[in-house]
Amino acid sequence: MRLGVIADTHGLLRPEVFELFEGMDHILHAGDIGPAELLTELEAIAPVTAVYGNTDGWELRDRLPRAAEIELDGFRIVVTHGDQFGGPTPEKLHAAYPDAEILIYGHTHRPLLATVDVVVTVMNPGGAGPRRFDLPPSVGIMELEPGIPPRARLVPLLPAGAE
């Protein structure tokens, strides 16, 4: 199973996302989405599990959870924006969701791929929307296969020095 992982779009769904996420089985959006229509655009690619972030309005807060716990291909996954932890870290997320095997979060706009407690994969795909904090926009790709650790990578959306 192939997952597209995205966060912090803030209303901007870059054209590169459509190309990168083509053929994905599922998309995980870790909040700060922007208009709800952005989710409709992603749903045209694959089913979406999304959570609201601290900048999302009431329309999305009424429709989406703060944290989503799902199982895909036998993996227990938690998706959250992470703002409820102040400065989210892999350790804080693992402490809050100790049964999760994969933790996905956003908020910091800083891409991160880490392992916690030897077997828990933690990913922040970075901010995919408007560029912030001089960080390049990025997304994540994750491949799941039962019985083996997830394969994951972070993908910049712009060439180095662009924008």
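The side chains of His109 and His10 are joined by a polar contact of 3.4 Å. A polar contact here is a pair of N or O atoms within 3.5 Å; within protein, one must be able to donate a hydrogen and the other to accept it, and residues adjacent in sequence count only if both atoms are side-chain atoms. The model is predicted: local features need pLDDT of at least 70, side-chain atom pairs count only at pLDDT 80 or more, and totals for chains, interfaces and linings use all residues. Residues are numbered from 1 along each chain as its sequence is written, and side-chain values use heavy atoms, with hydrogens and water left out.

His109 sits in the loop between strand 6 and strand 7. Helices (H or I, at least four residues) and strands (E, at least two) are DSSP runs, numbered from the N terminus. His109 is buried, at a relative accessible area of 4%. Buried means under 20% relative accessible area, exposed over 50%, and partly exposed in between (1.4 Å probe, protein chains only). Leaving aside residues up to four places away in sequence, His109 touches Asp8, His10, Asn124, Gly126, Gly127, Arg132, Phe133 and Leu135. Contact means heavy atoms within 4.5 Å.

An open sheet is formed by five strands in the order 4-5-6-8-7, with mixed pairing. Two strands pair if DSSP finds at least two bridges between them. Strand 4 (67-72) and strand 7 (112-116) stand at the edges with a single partner strand each, so one side of each has no neighbour in the sheet. From one strand to the next, the twist averages 20°. For this angle, axes are lines fitted to C-alpha atoms, for helices over the stretch in contact, and angles run from 0 to 180 degrees between N-to-C directions.

Strand 4 and strand 5 pair in the antiparallel sense over six bridges. Glu71 has Arg76 of strand 5 as its bridge partner. The two strands form a hairpin with two residues between them, and Asp73 in the turn has a positive phi of about 50°. Strand 5 (residues 75-80) also pairs with strand 6 (residues 102-104), in the parallel sense and over three bridges. Val78 is bridged to Leu103 of strand 6. Ile77 is bridged to Ile102 of strand 6. From strand 5 the chain crosses through helix 4 (residues 90-96) to strand 6, and this β-α-β crossover is right-handed. That is, with the strands pointing away from the viewer, the path from the first strand over the helix to the second runs clockwise. Five of the six residues of strand 5 are buried, so the strand is largely enclosed by the rest of the structure.

The largest nonpolar core holds 21 residues, of which Ile6, Val17, Phe21, Leu42 and Val139 touch the most other members. A nonpolar core is a set of buried Ala, Val, Leu, Ile, Met, Phe, Trp, Tyr and Cys residues joined through side-chain atoms within 4.5 Å. Two or more residues come from each of helix 1 (15-21), helix 2 (37-43), strand 3 (48-50) and strand 9 (138-145). Helix 2 gives the largest share, three residues. A second, separate core of 16 residues includes Leu28, Leu72, Phe75 and Leu144.

Asp117 and Val118 lie in the loop between strand 7 and strand 8. Asp117 is exposed, with a relative accessible area of 52%. Val118 is exposed at 74% relative accessibility. Most residues other than glycine have a negative phi. Asp117, not a glycine, has a positive phi of about 55°. Phi of Val118 is also positive, near 70°.
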